[in-house]
Structures are given as structure tokens and as C-alpha cells.
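Please open the structure in your viewer and keep the selection tool at hand. We will go from stop to stop, selecting a few residues each time.

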Amino acid sequence: MDKTQKKIYKIESLDQLSLIEVVSNLIVKLSYKDLIHLDKLVVATFQTPLSNERHGFYFLEERLSGKNLNQDNVYETLSKIIAENSLKTIFIVSPNHISENSKKQLNQLFQQNTIEYLDRDKIIKLIDENQEEYWIHDDVNLLDYEKYYKESIRKDNELKKLQIFNDKYVKLFDIFIEPRIYSIKEDKETKTPIRKKITITDILTSEKPIIISGGAGTGKSTILKRLGEQQIELNKDNNKKNLPIFLSAIEIFESNYQIYALINRKLSSFFNNIDEEFFKNYNLLLLIDTIDELEDSNQISIIQELNHLRSKFKINFIIGSRNSEKLQSTESFKESSDYHIDRFNSEQIKQFVLRFFASNSNKAEQLLDALKDNRILEKLPITPLSLSLISILFEENSLEIPATITDVFDGFNSLIIGKATVSSRIEFIDKTFQERLLSMYALAILERKQHEPMTKEEFIEYFEHIFNERTMPVKNGGIKEILDFLISNTGVLILKDNRYIQFSHDAFMEYYAALEIFKHKRIKEDDLIKNFFENNWQNAAMFYAGKSKDMPEFLEKIQTKIGSANRLSDILSAIMGSGYILQALYLTDNQIRKRVIHKTLDLIIQLHELQSKLAADDVFLFKSFKMPVLWAINIIYFYENFNSITLKTPLQLAFEEVTTQYKLDGKTTQGFRALNLALVLESKRIQVNNTLERLIDDTNLLNDPTLSLMTEVVIEMYKPDTYKELKKEIKKSIRKLSKSLKFITEQSVSRLRFTSFDTIRLEKRVKLVTEGKTDAELLEHAFLVLTDGMSPYWEISVAGNDSGGAQAVNQCLTHAKPLVDSDQILIGIFDHDSAGLQNFRGLKNETFLLIKTDLLKKHKEANIFAICLPVPEERSNYLQKDQSFNFFEIEHYFDNSFLRENDALQETPIPDIYKVKESKKKEFVRKVVKITDPQIFRHFVELFRLIDEQAQANVEYVI
């Protein structure tokens, strides 16, 4: 059956009620008004230039053909209808073909009135011309709603607010890039977290409520709207029709948070009765834009009503959110599925740009290359607005994309605000004044707690107060009118939830805040330094640096700041931030930029140490990771943050220095630094070839099991098709080191830490040496807990080349002087037990001065200290005169009740004094490293303060 035959069959199959509905909708589209339905008759008014005419539409069930036409019966019926309703014209409507002979006979009977015919073929033609979507399905009301839905989501586009927008950019509305959506599940067998890709089909077929989460600019609203379109497409084949409803936070707010009332309001103009029968006939899917900004109580009431509607009417819903954890924590939202949106990757961005420049692929490739080479994309808010803006900027001005994101946003600033603005109420607003208003507000928000936006009332009062004593640089219009104009026309400021004045993306807030500091408030430069680890402040610092590009003193302050990073989140932020700042300051002295790179490599090693601890402790994100995986993670992190052509020279300078040092000392840590630098220099963006080959040829890199394996990993990741000869050499070295490499790759991180295989460690001024591995693990974890996650300022290891014991600590301290530099501090820690006291006391008096009996000694000529564990007052019964009756070990810093719970205690001949079970120490540590309650570790503070005193360190403990 071809398309025409399908249409004929569909119209001929309509019952009378369905036909009346189809024709009624058609005549409304043809400008008829005031429809009255009277059984088989519809009366409607048609307005002509001179009068209003009443037309009738009479629906015949029988066929009209010359053979079966009952002229008298038809004439009598129609004459009565015409007279009773004062009709100018009457249309005979039939779902079948009306023959020409029938028309001729009826026309002869109705010579005084106009009679027209709407038969099958005429109805099909009118549908084709006015309601083509009808052929999708025959629910006319739903068809109208579907058309409204599609048109409304196209109208609701922030691009239309821009002064630069014109008709040639309408194509942007049709560019939709399939998002990357995933869920995180735990693998049942390995107990490790895995990412599962989620498709649009998965979402639409889910029977559970869904949260789609993602940061600002990841496209949550766009995805929700597109899900509605996809659901409409399914109506072609479904018997029970889908009905998507998009609800914005503003609409919910305006409806006083009453979802059912809002649904009724949105559907009432398309459907007659929104009752229980209606919900049986349609699959409703509520697509709810983010409600994150609403008050918690209102969010809870919304979710409760949604669950009620789901239970009563089987209405499902999908919510976009920046904070899915918060929504899921509410008791009434436990059964939801949580899906996450990834930032656009390079392939998705490429698709967008190629579609924008569909007629000029060369221009598209030029733009993509410029963005990649300068890492602009990584700091852009990847939204349709930002990608559209940068594409328009490139096309309109034929610009070569500049080297820093600040320059890109300078271009955005010019495009968005324009040189001047003219309106009917405000004659002229200077560009610089608009810019100043935005920059003043941006800095005010950046400085507010959690960067909360002002309400509209606060916003206006804020500027009215500022400009109360200043001259306004406009001829007409007050500050309120200017502010209203900025909100309505720039696309930079938006009225959120009909209440808050918010920047449409954080990047705009950060850029304009940086502009305010750079141009008007340089005194606040130190705030950029102080808050550098906080994301919004760091991005503002990046924009600030890009305004000058040559700021040596500012960069030296940044170097000092990143050197203070000692918590995992701060270290990650410092590494990323230093990479971007160095790019923004590409005109600054390369020697200073080189020093920042060295400092960042320190942070990479510090990051590795912290992640090794987390992996050893089986923390969720690092659970079951092997050591080579951690190496790869941190190599990639440095690579991705420093892979920019603007960093070529300082990277080369750093590489030469690190490689020279590695040749001298041969330490694995130095080789790790050199390998990181070589890999970045070899990248496609920087292209300093043969750097890796030089490193391998000129050093003993391949004789080191750790570095040999690491080199193979990075080559396979980034250079799989090159260096064929070099790969052969690496394979040879790996075969020679196979026994060591097998141990590294097969053993857990916890087995490798504090052993001779744990070779990538940061050289720190203060070094601690313990009797055993479990001692080191407990001290490290206790310090992190008691400092709220701060990485220790000291380096800790086990005495005696992994073997440990009090005697090994004694020997380490005795022979350490030649190995300890004048600015270094070495502290050996002995248990306060029989063996510990014996070896602490056994340190010769002619070499070590006794500072405090059975507690502290110091080398006469070096900063080498011996500490015998201080015993807390609560444990004073462990201080026994007879050396052999002393049993205090590090584990005794925990309460007896806690030790008993973990089966770690063993009785001694002395009442209330217990030994720690040697066989339980490893198991005990595995349990302890899962605990983050500082109270459990409170007794460790006495030891840490003694260490701090010798190291002259100032540490704040949470207890």
C-alpha cells in the first residue's frame, strides 16, 4: 500500500465522531471561529472583509453516489438545517468519495443557497496543506499539542537574546549533538565502580523516575526537551500515546509549586477534560528543569507531589539537577535512577563546529585546530551558547582564535555587549558602562559566600547605592532601566526562578570579576592568590592573568601558593590551575614559568602518594587499583594540564634540568619527573621529537623496573605507532626485569607501600623512620584524619630496608649523619616497649644528647632525633621501671575498648596492661584506615606535637 492509499484508507475508516473532530480542527486552522456542535452538524462563523457568515458542516454517514442518492430525503434534511441555523453556506462532509453526478443533482435542488462538498479527497488535501502531522496518528488534540511542544522548545533559546543574532544563525536551533550519558554501578564480582553508558532509549523506556545530573552548561535543559521530541516520535507506532510536558523552575514557582495545577494549565487549551480517564489514555512524562535553586522545603514538596502523581496516575518524571545526591537523599526519592552527563568531548565539539560550518569544512577544521592548540575548549562553558558564540566570532570577524581564553572572552564581551546600545527608553548606553556594571556585580558575587546571586531587589538596591553620588553616563533612563536592559538583552545575566539575578554561566561571572580587579581594584589581586584552590576564584585568576600575559610577581605568588597545597582536592586544583595560569602568562619570563613546572611535578608526586594511600585503604574511587594504574592516572593528569604549545620553552628548560639531575643521582622519582616532561614535549601539539629517545639513551631509565614498565605504558597510550625500535629495547629490558615487574603488577598497592618497590616519593625536609610498616601506615592515616585530610609535611619509611624493628631504627640513626643534609631533619620513632627502650637508650651518649629521659634524644652535630613514643597520661600504668615490663606500642594510642572490639589485645602478667597481638597488626590496620573519626585518634596528637616541635612545624589539629 503506497502513501496515497494509506491516507485514503485512514480517512475512510474514520467513524463519525472522529471525522467531526478532524474537520473541526481543520476549519479552526482555516480561520473559522465560534464552533457549535449539534449532533451531525457543526456550525461555525467565517469572517469576511465585509461581514460574518455562518457556515454549516453536515456529516453524512451514507455514501453519496448517483445510484443510492435519496434526493428528497437529503433536500428535506439540509433545508431544515439551513433555515434553523440561518446558514449562508453548507458543506456536505463525507469520509468517502462524492461522485460528480451526486454533486450535480444536489446543486439543482439548492439553487437559492450555496452548497459545498468536503469529501475524502478534499479532506486529504486540506490535511496535507494545514495539518500534515495528522498522518502520524489520528489523535488530533495530541497532534496540536505535539506541534506546540516542538515550537515552544525552539523559541526558548538563549541565543535569541543576543544582539548579534540574526536570521542566518537560525540553523543553530537544529544542531543537536547526542550527549554522553552514563551511570556508575558497582561490579558485583570485583566490587569496583564501573561506568555504564546510557542511551536515550534507556531513559525513555525506564519505569523509574530519573535524575539527569551535570554541571552548569552540560546541556541538561536541552536533553530534557529533546527527550520530549523523541517520545513524540514514538507516537507513530504506539497505541497508548506519549505526552511529554516540559516544566521550568519559573513555571513551577509561578504555580506556587503545585505540579498538578500546572499540568492542567498547560494541557487545558488542547484537551477538554484532564481527568482520570485522560491519564489512562496517555503516557505522561514530566520533564522538569533544574529545581536546585528552590528552597529545600519546596523541593521536598515538589518531589512528594511528583511521587503522588506517579502512584495515582502512573505519571513518570525526569529531573535535571546539578546536585543529584541532594535530591536522592530525600526519603521520597530513593527509587530513582541517577544518570550523569559528561562534558562535551572533542568529537562532540567537532560535530557541532562541522555542522555550523557545513558549507565550509576548511573553516571548521581551522577553528578546531586553533581551539585545541591553545586549550581554549577546556575552559569554555561547553554549551550551545558558548560554542555558537565562538563559531559566530570566528565567522563574523574571520579571526584567528587567540592564545588565551581571556582573549576569547574579550571577543565574547564585544559581541554580546556591542559598541553601543540604542533602545526606545534608554537612548544610549556606553559599552564600557555596561561592562563596568557587569564587572562590579561579578566581583560582588565572587566575594559572596558560596557565590550566591542577589535577588532582583538586592541587585537594584546594590547599584542604586553605588550610583547615588555618581553621574550616570546616559542621557535618559535611570539605573533600574539600564539594569533591566542588561538582564533582558545581553544573555550574560538572567532572571533565575523569577527572583535571582544570575550569570548565565559561571565563566562569565569569573571573566567579569577578573576584569573588575584588573582594571579597577588591583588591591584585590591577593584575594585571587589566597583563594586559588577554589574553582571560581582560580578561573578568575586565569582570566586576570590573561589580561596582561606578563606578570612575573603574580606568577611567583602563585608558585608559593601551589607549594602550600597539602589536601587531595587542593593538590588536584593546584596542578590544573598552574597549567592554565602558565598558558595565560605566556609572555612572562620562562625561568619563572619553569620553576612553576618543577613545583607542579612535586605536586604530581605528592598526589601519587595520597592516591597510593587511598588505593591501599580500598577507598571507593581507587578500590582494587594496582600501582601501574596510579602511575598512568597521574602521568595523564600532568599531560592533559600542560599539553599546550604556549608551554614549549619552559617545559624544555625543565626537562634539561631534571634529566641532568637524574643522570647524577639515578633516583626513580627524578626519572618519573623526566618521563612526564618527555611525554608532554613529544605530544602532537608541542612536537619536540626524540625527547623520549634521548631520555632512554642517556640515562639508566630502562634498568629501573618502575620506570621501564611506566615507559612501556605511556608509549602504548600515546605513541603506539611510532618508536618501533625503541619499543624493542623496552621489551628487552622488561624481559630482564620480569621477576620484579611481575611482583609490581600483581601485588596490591597496600603490599607495595613502604617497601623497596615504593620508589616514587617526594623528597621532604623532614623524614620519619619507624620500626614497622604498620606503624608507618597508622601514623600516616592518623595525621590525615587529625588534620582534616592534610598530606603530611614529613616523609615516612620503615627502617632496615623493609625489615624493620627497633634495632633497625637504632642503626639507621647511628649511621645517618653522612646522608642527612644540613637543612634536613631525620626522626626515628621507637615503641615504648622493651625492645624500643633498649635501642633508644642504646644510642651512644657521645653521639646523641639526652633531651628528655626515655622520650627524646638529638644528634650532637646533625638534625637527627630519636623519639620514644610519649605515653599519654591515661596510659601512665604502662610506664614500668623494669624495662622488660614495658609494652607500649603505637597501637596503644587507641582506647582499650576499641582494641578489644578488633581482637588486637593480648594479656600480660601485669594487671590492666596488654600487649598488641603481632598476628593481628595487619588486619587491625586494614580496619583502622577506613575510620575518619578524629576522636578515635586523639591520643596521637601528643606524638605529632613532639615531632612538630623538632621539625619547627606549625600544624593545627582538629582535636
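The tour below visits nonpolar cores, aromatic pairs and charges over rings.

This is a predicted model, in which local features need pLDDT of at least 70 and side-chain atom pairs count only at pLDDT 80 or more, while totals for chains, interfaces and linings use all residues. Residues are numbered from 1 along each chain as its sequence is written, and side-chain values use heavy atoms, with hydrogens and water left out.

Begin by selecting Phe459, Phe463, Phe503 and Phe554, which touch the most other members of the largest nonpolar core, a set of 126 residues. A nonpolar core is a set of buried Ala, Val, Leu, Ile, Met, Phe, Trp, Tyr and Cys residues joined through side-chain atoms within 4.5 Å; buried means under 20% relative accessible area, exposed over 50%, and partly exposed in between (1.4 Å probe, protein chains only). Next, select Leu856, Leu869, Leu899 and Val925, which are included in a second, separate core of 48 residues.

Now select Phe783 and Trp794, whose rings form an edge-to-face aromatic pair, 5.2 Å centre to centre with 65° between the planes. Rings of Phe, Tyr and Trp (its six-membered ring) pair if their centres lie within 6.5 Å, and planes under 30 degrees apart count as stacked, over 60 as edge-to-face and the rest as tilted. Both Phe783 and Trp794 are buried.

Finally, select Lys225, which lies over the face of Phe246 at 5.3 Å from the ring centre, and then Lys857, which lies over the face of Phe840 at 5.2 Å from the ring centre. A charge sits over a ring if NZ of Lys or CZ of Arg is within 6 Å of the ring centre and within 35 degrees of the ring normal.
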